[in-house]
Amino acid sequence: MPYIGSNRSLTVRSRRVVRVTAKPNLTLVTSPRPLPADHVERNPGVPLDLDALRAIRVNRSAVERRAATITTRRTVKKEWQAAWLLRAITLMDLTTLAGDDTPGNVRRLCAKARRPLRDDLTDALGVGDLGIHVGAVCVYHALVPTAVEALVGSGIPVAAVSAGFPAGLNPVEQRVEEIHASVGAGANEIDIVITRAHVLTGNYEALYEEVRRFREACGDAHMKAILATGELATLNNVARASIVAMQAGADFIKTSTGKEGVNATLPFSVVMCRMIREYFEQTGYAVGFKPAGGIRSAKNALEYLFVMKEELGDRWLKPDLFRFGASSLLTDIERQLEHFVTGRYAAAHHQPMP
């Protein structure tokens, strides 16, 4: 594998962000097949390659420098910013994962998912005919049937957090059964959590087999593998966990549960996106990315969109390959769009939200 360097090319060596010195045992392609505009072929997974994993080295200072420059090199204003924020809404997994969740809360969340903006704003923006809605609604397993019922006919998928969320310390058999139950209840997407100890102790064979079992249990439901990056100690571990999850067949890799002390950050995201890009270069299979936890402002959302555009390209700015895990983000985006329309910031309580 080549050095993974600047934002423009995998072979540029001026910024040694990640280095892999061993040749991986992946299905090599001379050039990745181009991604279609609509349907992307699902990642089937590939055999685990321990030599390639152990050869991964991440240059922390280069990653942090790269993450810091992304937000200073690109900006959007006025109508272009409004367009980017509308795109961000369509990429959002509107989430409620609180201990006091009720069926009523979930129904209100689903109503907001169907109509994320007030009618007067969509009319003023001229997007009323676009049918803008969020990417998915994410809830605990017990509330999947409520969300499925509330979203009938909307085309919005229901995502369930399963497999012992958030700690991932339940027995594996129990976690597999939970996935089966969520799929049986109607969940279209499953957000699983990995066992962090497998990464921290270097037991990548166990991690691969665990994620592989979860993928098989998901069946036709797409699987997002939550790495809990804030608990993996090093960027090397984040990179290796990303590769193992993709080799095991993950459809998305996701930063966090939102329950850790440190959740999504731009350095974590740069490393994970580089691993997605490397996996795509080597296998031709595109894997999605989901930052989650602590993304609350429109400005922060734009930063992650910039990361995706610079690191992976425009095709990764669609819901099948990119999602935000967010709960309060939508309120700030709506406030920013109202400011664009009226020139004034509305109080947060003017934006209807559960």
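**Strand β4 and its neighbours**

Trainee: Which residue of β4 is the bridge partner of L94?

Mentor: This is a predicted model, in which local features need pLDDT of at least 70 and side-chain atom pairs pLDDT 80 or more, while totals for chains, interfaces and linings use all residues. Residues are numbered from 1 along each chain as its sequence is written, and side-chain values use heavy atoms, without hydrogens and water. Within β4, L94 has as its bridge partner V137.

Trainee: How many bridges join β3 and β4, and in which sense do they pair?

Mentor: Strand β3 covers residues 92–95; strands (E, at least two residues) and helices (H or I, at least four) are DSSP runs numbered from the N terminus. Pairing requires at least two DSSP bridges between two strands. For β3 and β4, the sense is parallel and the number of bridges is 3.

Trainee: Which residue of β5 stands opposite C138?

Mentor: Strand β5 comprises residues 158–161, and β4 and β5 run parallel, joined by 4 bridges. In β5, the residue opposite C138 is A159.

Trainee: Through which helix does the chain cross from β4 to β5, and what is the handedness of the crossover?

Mentor: On the way from β4 to β5, the chain passes through residues 144–150, which form helix α6. With the strands pointing away from the viewer, a right-handed path from the first strand over the helix to the second runs clockwise. The β-α-β crossover through α6 is right-handed.

Trainee: Why is strand β4 described as largely enclosed, and how many of its residues are buried?

Mentor: Strand β4 spans residues 136–140, and a residue is buried at under 20% relative accessible area (1.4 Å probe, protein chains only). The strand is largely enclosed by the rest of the structure because, of its 5 residues, the number buried is 4.

Trainee: Is C110 buried or exposed?

Mentor: The relative accessible area of C110 is 1%. Because of this value, C110 counts as buried.

Trainee: What is the relative accessibility of C218, and is that residue buried or exposed?

Mentor: C218 is another cysteine to consider in this model. Its relative accessibility is 1%, so C218 counts as buried.

Trainee: How many disulfides does the structure hold?

Mentor: A disulfide is a covalent bond between the sulfur atoms of two cysteines. Here the criterion is a pair of cysteine sulfur atoms within 2.5 Å. The number of disulfides in the structure is 0.

Terms used. Buried < 20%, exposed > 50% of the residue type's maximum accessible area, 1.4 Å probe, protein only.
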